[in-house]
Amino acid sequence: MSLQDLWFDPAQCLIGGEWVAPAGGGTLPLHDPSTGAEIGAIARGGASDIDAAVEAATRASQGDWGRIAAAERGRILSRLGRMVLEKVEALARIEAADVGKPLKQARADAVALARYLEFYGGAADKLHGQTIPYLDGYTVYTLREAHGVTGHIVPWNYPMQIIGRSVGAALATGNACVLKPAEDACLTALAFADLARQAGLPAGALNVVPGLGAEAGAALTAHPGVHHISFTGSVATGRMVQRAASENVVPVTLELGGKSPQVVFDDADIEAALPFLVNAGIQNCGQTCSASSRILVQRGVYDRVREAMAARYAALRVGRAIDDLDVGPVISAKQKGLVEDFLGQGADLEVAGQASLGDLPGGGYYIAPTLYAGVAQDHTLARDEIFGPVQVMIPFDDEAEAVAIANGTDYGLVAGVWTRDGARQLRLARAIRAGQVFLNNYGAGGGVELPFGGIGKSGHGREKGFEALYGFTTLKTVAAYHG
Ligand code: TXE
């Protein structure tokens, strides 16, 4: 797959509304995950590029962008959303070449990006303060104000969606952004920022500096001119980001993935559940923070669910992004190695279902989607985030055991519960530790409107929905004495 849809030079950064080469002049190679072939180069931004980007963002936040009317901010975001919709096909093709996503999944990401801009564009002038009854002779009210400069560190699994939810909400509330996309997936970030410029976003309101995490990423998180950081990625890097932010005492939003369960009771509508059980595990080749990687099944329907899921696994088609099948490659040779290490640790487990790989380009980063059955809840594969197309089935006897297993990992991002018993639905929605619980459905990452985030090692803070706007603002209380 080639990058013929690009209309800019990806070996540059977008700073202060201008395309500029990174100060160090360096580049990083770009690989097509479907073939492993080197298909281009991106900028290797570093600390001085981050300095320039923070400076440009500071100017924007104290100038044009910071002072613009909320309704006008919303208008620009809405216009940008429409421009993204006009470019869905080009953005999808760029993303497919860059991250190996089957085209229909890449298209869905581009449409979701547009939807975030529509949602946050509409919300920009609807974030109100309050008046607070106080002592006689006082009028007290609150103001929601932008932080100023916000830093956004984005991973490679859903670049467009994560940019939409984080940069979209930050811009809507009047912040100026510095975005550090993942080194394996920065093309749609650059494309998006260029479209934003064309949509009339003032120079410096959105700056993009591609580069390595340890260089550009670390420089951004440690920068004293940044007032808020949102990070999506691994627990290990999330810790570093939080540590760096603590030096400057700035708030962070961390979304660090999970080990999300779907719990299937004997009385569930199994036919309705089946597509969700499998899709939530293999969507985006399992590289989804809210992937459902654990399937907990009550013993009365365990064999039936195992057989039906195994049949679905056998029918999964794996192929190049451009072939647009069910599953593409993982992002990189490094990620392939990580997933294969996990599969090695599952050598003692029963493989209940597996897709065949067939005839695929030799250099591509392919993993055969694999379903393990009868897995003990303390097995590594049932506890650790694998981030590949791998699911484990865990049997349980009763509701109490189901809750204990569901809550038995360090994570708490999303959960699904399948049962026809209404009272049990409500009990589990309360008992399960997670940021989102889906009853008789499962929305892996879905729903622009739905607040999203985790507890435990899944992170803290909420993105998406109206709730995100509170995180990207700070509250000021004004107390006026007038007698
Ligand atoms: O993640 P990193 P990696 C998990 C998943 C995966 C594992 C490793 O389990 O197997 O993480 O992936 C930037 N300071 N998730 O190595 O390192 C980096 O450049 C500042 C789950 O890719 O967390 C990229 O932009 N930034 C997850 C971003 O952090 C730094 C999505 C994510 O990279 C940095 C992705 C540093 N010192 C991986 N080091 C999810 N929650 O969905 C790296 N980065």
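1. Which domains does the domain assignment of the protein chain give? The model is a predicted one, and the assignment gives domain 1 as 3–256 + 460–477 and domain 2 as 260–410 + 414–450.

2. On separation: taken over C-alpha atoms, the centres of domain 1 and domain 2 lie 30 Å apart.

3. On the extent of the interface: domain 1 contributes 31 residues in contact with 32 residues of domain 2. The area buried between domain 1 and domain 2 is about 2,400 Å². Carbon and sulfur atoms account for 53% of that area.

4. On charged pairs: how many salt bridges are counted between domain 1 and domain 2? The count is three. K104 and D324 form a salt bridge, in which the closest N and O atoms are 3.6 Å apart.

5. On polar contacts: 17 residue pairs are found in polar contact across the interface of domain 1 and domain 2, with both residues of a pair at pLDDT 80 or more.

6. On the domain 1 side: the helices α4 (88–99) and α5 (103–123) each supply at least two residues of the side that touches domain 2. Which element gives the most to this side of domain 1? It is α5, with eight residues.

7. On composition: the residues of domain 1 on the side touching domain 2 comprise twelve nonpolar, eight polar and eleven charged. The description of this side can be read together with the buried area, of which 53% is on carbon and sulfur atoms.

Note on methods: Residues numbered from 1 in each chain as written. Predicted model: local features only at pLDDT ≥ 70, side-chain atom pairs only at ≥ 80, totals over all residues. Heavy atoms only, no water. Domains from an automatic or database assignment. Contact = heavy atoms within 4.5 Å. Buried area = accessible area lost by both parts, 1.4 Å probe. Salt bridge = Lys/Arg side-chain N within 4 Å of Asp/Glu carboxyl O. Polar contact = N/O pair within 3.5 Å; in protein donor to acceptor, adjacent residues only side chain to side chain. Helix = DSSP H or I, 4+ residues; strand = E, 2+ residues; numbered from the N terminus. Nonpolar A, V, L, I, M, F, W, Y, C, P; charged D, E, K, R; others polar.
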